[in-house]
Amino acid sequence: MQYYLIEALLVVSIIVVLYLVVKVFSRQKSDDQQDLHKKIIENQGILSREIHELKVLLMHHQTLIQNEHEQWKAELKAYKASAKMESKTKTSNSGQNLFLNDRYKEIFELQEKGLTVDEIAKQLGKGSGEVSFILQLAVQART
């Protein structure tokens, strides 16, 4: 009988030890989860502040860009006005030059892109002599 009693006490003590071990591990796990949760909250705060700083910086740059845009619009308006005044004072030779530029605009655009006379002629369906002549006239009109 004593033997059974000792065995029963031994079983009870093993159960109590196992219970305590499980309780300690669960408490440690809970502490780890709390630490992780705190770190997540800290990182969220840091990210929120950085996002706010980026938004402020972005708005500042947007304002700068808008101001630059307004300046460019004003400069363009002034440039167009001066170009208009300049065009009124040009001689008839420059009038011919403008006519030449408007009429053969495609040729000059393709030349600015770096195409050769033959490539321009082929693309526009004109003779290479005609394209060459037009480009020579334009050079003479500029000088």
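**Helices and core of a predicted model**

Trainee: In what order do the elements of the protein chain run from the N terminus on?

Mentor: This is a predicted model. The secondary structure of its protein chain comes to five helices and zero strands. From the N terminus on, the order is therefore α-α-α-α-α.

Trainee: What percentage of the residues of the protein chain count as buried?

Mentor: A residue is called buried when its relative accessible area is under 20%. The protein chain has 143 residues, and the share of them that counts as buried is 9%.

Trainee: How much of the accessible surface of the protein chain belongs to carbon and sulfur atoms?

Mentor: The accessible surface comes to about 12900 Å². The part of this surface that belongs to carbon and sulfur atoms is 61%.

Trainee: How are helix 3 and helix 5 oriented to each other, roughly parallel or roughly perpendicular?

Mentor: Two packed helices are described by the angle and the distance between their axes. For helix 3 (residues 105-112) and helix 5 (residues 128-142), the axes come within 11 Å and cross at roughly 85 degrees. Angles of 65 to 115 degrees count as roughly perpendicular. Helix 3 and helix 5 are therefore roughly perpendicular.

Trainee: How many residues in the contact of helix 3 with helix 5 are nonpolar?

Mentor: From helix 3 come Ile107, Phe108 and Gln111, which meet Val131, Ile134, Leu135, Ala138 and Arg142 of helix 5. In this contact one residue is polar and one is charged, while the number of nonpolar residues is six.

Trainee: Which residues does Ala121 touch, not counting those up to four places away in sequence?

Mentor: Ala121 is one of the residues of the largest nonpolar core. Not counting residues up to four places away in sequence, the residues that Ala121 touches are Lys126, Gly127, Ser128 and Val131.

Trainee: Why does Leu115 count as partly exposed?

Mentor: Leu115 lies in the loop between helix 3 and helix 4. Leaving aside neighbours within four places in sequence, Leu115 is in contact with Leu110, Ile120 and Gln123. Buried means under 20% and exposed means over 50%, with partly exposed in between. Leu115 counts as partly exposed because its relative accessibility is 25%.

Terms used: Residues numbered from 1 in each chain as written. Predicted model: local features only at pLDDT ≥ 70, side-chain atom pairs only at ≥ 80, totals over all residues. Heavy atoms only, no water. Axes fitted to C-alpha atoms, helices over the stretch in contact; angles between N-to-C directions. Helix = DSSP H or I, 4+ residues; strand = E, 2+ residues; numbered from the N terminus. Parallel < 35°, antiparallel > 145°, perpendicular 65-115°, else oblique. Contact = heavy atoms within 4.5 Å. Nonpolar A, V, L, I, M, F, W, Y, C, P; charged D, E, K, R; others polar. Buried < 20%, exposed > 50% of the residue type's maximum accessible area, 1.4 Å probe, protein only. Areas by Shrake-Rupley, 256 points an atom, 1.4 Å probe, with all protein chains shown as cover. Core = buried A, V, L, I, M, F, W, Y, C linked by side-chain atoms within 4.5 Å.
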